[in-house]
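Below is a short briefing on one protein model.

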Amino acid sequence: MTDIKTLNDSHKIPTLGLGTWMIDNDKVVQVVKDAIELGYRHIDTAQAYGNEKGVGKGIKESGIARESLFVTTKIAAEHKDYESAAKSIDQSLEDLGLEYLDLMIIHSPQPWNEWRETDKNFDQGNLEAWKALEDAQKAGKVKSIGVSNFFEKDLDNILKNGHVKPAVNQILAHIGNTPFDLIDYCQSKDIQVEAYSPIAHGQALKSDGIQKMAEKYGFSVAQLCIQYLLQLDLIVLPKASSKEHLNSNLEFDFVISDEDMSTLKSLVFEDYGEFSNLPVFSGK
């Protein structure tokens, strides 16, 4: 079983969850069922993943009590007005077949086709989407609300102009690409950081240095990558589809030494291979 953290709104969240990015709607049903059977209690999806219906079906077929799970989804990055954001929240609940969500977050401060463009300002749109989340929280549709891929300036916009502090900021973070300044900033504001793509979308498996260190501890590269982030006090969302990988990502127990943590923190890794063209891996 994984550890539990308390968010700034007093809700509890498991420190390790199942990421479902790029798992097809049909396939994700069995993945979710397998994960829950193995002990996962934190499931992460998004409107943009196109698999909310499958995730919801997997949850239902697992037979586990709803209150035993922590379920997250994300408002699509393109919803930068109140009405469309609010409608999308209701649609997610319908697609997932759930009466409430444990956490819902804004997927990105910019629409994906305008990712990190400096000449455009989406502050007002983010505030409208945030207002939709605040209202959904008041209505009991969502317990906790947060953001994803937000930089400091994006967070400041919400902190200064919103009524509810984000509970989390879900960001790209892994060995070789750990945004320490942003992590420190979030933690200073009592905003929990969640790390997605902890294995660098598979690219970490190709690193000789990471492989050798994993062998030193007698664990897999994936387990080393997850433990690295847990020791940074982050919540980790590894993706896996096979039951074997689901289990190995959950079942391990070791501590990386301070010296080895320093080595891992100093690594710089930017090549995401065939996935380098995806916005979140673009390096911008």
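How many disulfides does the structure hold? The structure holds 0 disulfides, a disulfide being a pair of cysteine sulfur atoms within 2.5 Å. This is a predicted model, in which local features need pLDDT of at least 70 and side-chain atom pairs count only at pLDDT 80 or more, while totals for chains, interfaces and linings use all residues. Residues are numbered from 1 along each chain as its sequence is written, and side-chain values use heavy atoms, with hydrogens and water left out.

**Cysteines**
- Cys186 has a relative accessible area of 0% and is therefore buried; buried means under 20% relative accessible area, exposed over 50%, and partly exposed in between, with a 1.4 Å probe and protein chains only.
- Cys225 is also buried, at a relative accessible area of 1%.

**Helix H8**
- Helix H8 covers residues 221-230 and is largely enclosed by the rest of the structure, because 9 of its 10 residues are buried. Helices (H or I, at least four residues) and strands (E, at least two) are DSSP runs, numbered from the N terminus.
- Among the buried residues of H8 are Val221, Gln223, Cys225, Gln227 and Tyr228.
- The buried residues of H8 pack against helices H6 (180-188), H7 (208-217), H9 (243-248) and H10 (258-266), and against strands S9 (192-196) and S10 (235-237). Contact means heavy atoms within 4.5 Å.

**Helices H4 and H5**
- Helix H4 (residues 123-138) packs on helix H5 (residues 152-161) at an angle of about 55°, and their axes are 10 Å apart. Axes are lines fitted to C-alpha atoms, for helices over the stretch in contact, and angles run from 0 to 180 degrees between N-to-C directions.
- H4 is therefore oblique to H5; angles under 35 degrees count as roughly parallel, over 145 as roughly antiparallel, 65 to 115 as roughly perpendicular and the rest as oblique.
- Asp123, Asn126, Leu127 and Trp130 of H4 make the contact with Asn157, Ile158 and Asn161 of H5.

**Annotated positions**
- An unreviewed UniProt entry lists Tyr49 for "active site". UniProt positions are given in the numbering used here, feature names are shortened, and annotations may be inferred rather than shown by experiment.
- Tyr49 lies in the loop between strand S4 (42-44) and helix H2 (52-62), and at 18% relative accessibility it counts as buried.
- Beyond its neighbours within four places in sequence, Tyr49 is in contact with Thr20, Trp21, Asp44, Lys74 and His107.
- His107 is listed by UniProt (unreviewed entry) for "binding site".
- His107 sits in the loop between strand S6 (101-106) and H4, and is buried, with a relative accessible area of 7%.
- Leaving aside neighbours within four places in sequence, the contacts of His107 include Tyr49, Lys74, Trp112, Ser148 and Asn149.
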